[in-house]
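Reader: I am new to reading structures, and I would like a close look at a single part of this one. Could you take me slowly through its aromatic rings and how they sit together?

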Amino acid sequence: LLFVGAYLSGCEEWLDFAIAEFIKEVPLQFHPDGSSFEGSTSYHCLSAQIVAYASALAISVKGERCFPQEYYE
């Protein structure tokens with residue numbers, strides 16, 4: 001939804017919803033030390049790439065303030 005909301009004009013509510021859900025989901029995918037709950041290095045790499053690309057897209061469209069400070073930490 002984040003990529004669709006960013007790409008299509010008139011989908012601001014999709015983008016806002018996707019960012020809000022993304023903020024809630026990222027802490028559930030990673031431990032506080034940055035490791036993945038899956039225990040697979042390949043899956044951990046994929047998860048980290050998804051977070052990096054999606055975060056970069058959201059920031060480029062909505063600005064850095066679309067994420068709370070805790071998200072960056």
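Author: Rings of Phe, Tyr and Trp, the last taken by its six-membered ring, are counted as a pair if their centres lie within 6.5 Å. With that rule in hand, and keeping in mind that this is a predicted model, we can say that F22, F67, Y71 and Y72 form one aromatic cluster. A pair of aromatic rings is described by the distance of the centres and the angle of the planes. By the pairing rule, the count comes to four aromatic pairs. One of them joins F22 and Y71, whose ring centres are 6.4 Å apart with 45° between the planes, and this pair is tilted. It links distant parts of the chain, since F22 belongs to helix 2 while Y71 belongs to helix 4, which covers residues 69–72, and the two positions are 49 residues apart. Both F22 and Y71 are buried.

Y71 also pairs with Y72: here the centres are 5.9 Å apart and the planes meet at 80°, so this pair is edge-to-face. Because planes over 60 degrees apart count as edge-to-face, the angle decides the name. The two tyrosines can then be set side by side by their cover: Y71 has a relative accessibility of 17% and therefore counts as buried, whereas Y72, with a relative accessible area of 37%, is partly exposed. The cut-off for buried is under 20% relative accessible area, and partly exposed lies between that and 50%.

Conventions: Residues numbered from 1 in each chain as written. Predicted model: local features only at pLDDT ≥ 70, side-chain atom pairs only at ≥ 80, totals over all residues. Heavy atoms only, no water. Phe/Tyr/Trp six-rings, centres within 6.5 Å; stacked < 30°, edge-to-face > 60°. Helix = DSSP H or I, 4+ residues; strand = E, 2+ residues; numbered from the N terminus. Buried < 20%, exposed > 50% of the residue type's maximum accessible area, 1.4 Å probe, protein only.
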